[in-house]
Amino acid sequence: MKTKKVTIHTLQTMKERGEKITMLTAYDATFAQLLDESQIDVLLVGDSLGMVVQGHETTLPVTLEDVIYHCRAVARGTRRAHIVGDMPFMSYQASVHEAMLNAGRLIKDGGAHSVKLEGGAQHAELVQKLVSAGIPVMGHIGLTPQSVHQLGGFKVQGRAEGQAESLLQDALTLQAAGAYAIVLEGIPAVIAKTISEKLHIPTIGIGAGAACDGQVLVIYDLLGMNDSFKPRFVRTYEHLATRIRTAVDAYSADVKSGSFPNEQESFYMEEQQRPKASSATVSAIALAGGCGPGPLAPLSMPRSSAEAESEDAAVYSTIKVD
Ligand code: KIV
């Protein structure tokens, strides 16, 4: 069946119909595929990868090559979602010419469908030129992490005198320059509501309240991968940090005790020599939660030799044993 791809026009129609837009970050093909299958509308290959994947304190060290590399991986895992490639620090600030070439590389080499850049009215000329070159642009205003040192930290923006008005002006200028959507990050909900009502293009909020036309989160935050990072704007839907530690501890204990791999998890010169899994072993593994139902279910059932051959061929093709 043909998949209907999400385009910038789909997102515009969603705003017009009052349908909320879902956006999440993705940095690799496996996550991209999972999020795409969950019908997430937009996948952002964000420069947040510098913090959650590369382990930096800020997004500043991320290079264009890094974002292209991760965009390629995400593009390979995506069939439906719109992919946004984030323009990293200093890939668009020095000159319009250089910015155009760099944005072009995110599309040509990375497989992104549009680019995102941080900042407001100061980038109006660049946004206009990118759009005339056929590159859709998502803006990003408010708490712009690439300006962390200018802002004095990752702080909520827009509370000071005159800031709300200047955020609105930035948003209107980006829209007039041709941006197709704008991320509103770390600003009071009331300002985001006003901006979202005044713009005809969609706003995507992160720490900007519920009135935005869509929401974005960093996927690692949503999944609770880092249990020491819990800002107010993140809703944690899973606690994977704990679950991963538990799973890895169980694996480690099994290796140390010699119980992994067992006979069913090993290969034989002749498949007929493979011992049948006893139901006791199978339920012990299942109770321990050590194996998913995928590999376990077929092994617990009697298999014909043809079934065994085709399952093993699948194993070989997955793990590429010569
Ligand atoms: O890099 C990123 O992940 C972002 C989002 C937080 C909007 O810019």
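Predicted model: local features only at pLDDT ≥ 70, side-chain atom pairs only at ≥ 80, totals over all residues.

Me: How many helices and strands does the protein have?

Reply: Helices (H or I, at least four residues) and strands (E, at least two) are DSSP runs, numbered from the N terminus. Here the protein has 14 helices and 8 strands.

Me: At what angle do helix 4 and helix 5 pack?

Reply: Axes are lines fitted to C-alpha atoms, for helices over the stretch in contact, and angles run from 0 to 180 degrees between N-to-C directions. Angles under 35 degrees count as roughly parallel, over 145 as roughly antiparallel, 65 to 115 as roughly perpendicular and the rest as oblique. Helix 4 (residues 64–77) and helix 5 (residues 96–108) pack at about 20 degrees, with axes 9 Å apart. Helix 4 is therefore roughly parallel to helix 5. Two residues are in contact if their C-beta atoms, placed from the backbone, lie within 7 Å. Leu64, Val67, Ile68 and Cys71 of helix 4 make the contact with Asn102, Arg105 and Leu106 of helix 5.

Me: How do the axes of helix 2 and helix 4 cross?

Reply: The axes of helix 2 (residues 29–37) and helix 4 come within 7 Å and cross at roughly 40 degrees, so the two helices are oblique to each other. Ala29, Thr30, Ala32, Gln33 and Asp36 in helix 2 meet Ala73, Val74, Arg76 and Gly77 in helix 4.

Me: Is Phe89 buried or exposed?

Reply: A residue is buried if 20 or more other C-beta atoms lie within 10 Å of its own, exposed if 12 or fewer, and partly exposed in between. Phe89 counts as buried because it has 21 C-beta neighbours inside 10 Å. Phe89 sits in the loop between strand 3 (82–86) and helix 5. Leaving aside neighbours within four places in sequence, Phe89 is in contact with Thr59, Leu60, Val62 and Gln146. Of the 322 residues of the protein, 36% count as buried.

Me: Which residues are around the ligand?

Reply: A residue is near a molecule if its C-beta atom, placed from the backbone, lies within 6 Å of it. The residues around the ligand are Thr25, Leu44, Gly46, Asp47, Ser48, Asp86, Val183, Glu185, Ile206, Val216 and Val218.

Terms used:
Residues numbered from 1 in each chain as written.
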